[in-house]
Amino acid sequence: MKYTFKCPACEHVVEVDADNDDAAIAKINAAGAIHQKEVHPDMPAISEEEMTKMVRGGMQRAEA
């Protein structure tokens with residue numbers, strides 16, 4: 001399945017393929033950490049738990 005998550009700071013869309021929600025969250029969190037470091041280096045870091053909660057609440061799922 002394809003999952004997407006829109007960065008709340010800049011509307012950049014992270015898109016991943018995953019078999020389930022938990023796998024998608026892990027992939028989005030990893031991509032989000034890179035995105036934050038590259039695009040939002042001055043933004044305060046958030047914990048993995050906070051990131052997971054934000055992603056779980058905002059990701060969209062679509063059949064691939």
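H40 is found in the loop between α1 and α2, where helices (H or I, at least four residues) and strands (E, at least two) are DSSP runs numbered from the N terminus. The model is predicted, with local features requiring pLDDT of at least 70 and side-chain atom pairs pLDDT 80 or more, whereas totals for chains, interfaces and linings use all residues. Residues are numbered from 1 along each chain as its sequence is written, and side-chain values use heavy atoms, with hydrogens and water left out.

The relative accessible area of H40 is 14%, so that H40 is classed as buried (under 20% relative accessible area, with exposed over 50% and partly exposed in between; 1.4 Å probe, protein chains only). Apart from neighbours within four places in sequence, H40 is in contact (heavy atoms within 4.5 Å) with C7, A9, C10 and H35.

Pockets were identified on a 1 Å grid over the protein atoms alone, a pocket being an open set of points where a 1.4 Å probe fits, with protein on both sides within 12 Å along at least five of seven lines; lining residues have an atom within 4 Å of a point. Grid points are joined across faces, edges and corners, and a volume is the space filled by probe spheres set on the points. The largest pocket has a volume of about 210 Å³. Its lining comprises 14 residues, of which C7, P8, Q36, M51 and M54 lie nearest the centre. Two elements, α1 (21-39) and α2 (48-58), each give two or more residues to this lining, and α1 gives the most, with three. By class, the lining of the largest pocket contains 10 nonpolar, four polar and no charged residues (nonpolar: Ala, Val, Leu, Ile, Met, Phe, Trp, Tyr, Cys and Pro; charged: Asp, Glu, Lys and Arg; polar: the others, Gly among them).

The second largest pocket has a volume of about 170 Å³. H40 is among its lining residues, which also include N29, Q36, K37, E48 and M51. The greatest contribution to this lining comes from α1, with five residues. Its composition is six nonpolar, four polar and two charged residues.

Strands β1 (residues 2-6) and β2 pair in the antiparallel sense over five bridges, pairing requiring at least two DSSP bridges. K6 has V13 of β2 as its bridge partner. Six residues lie between the strands of this hairpin, in which E11 takes a positive phi near 75 degrees. In a regular strand, side chains alternate between the two faces of the sheet. In β2 (residues 13-17), V14 and V16 form the covered face, while V13, E15 and D17 form the uncovered one.
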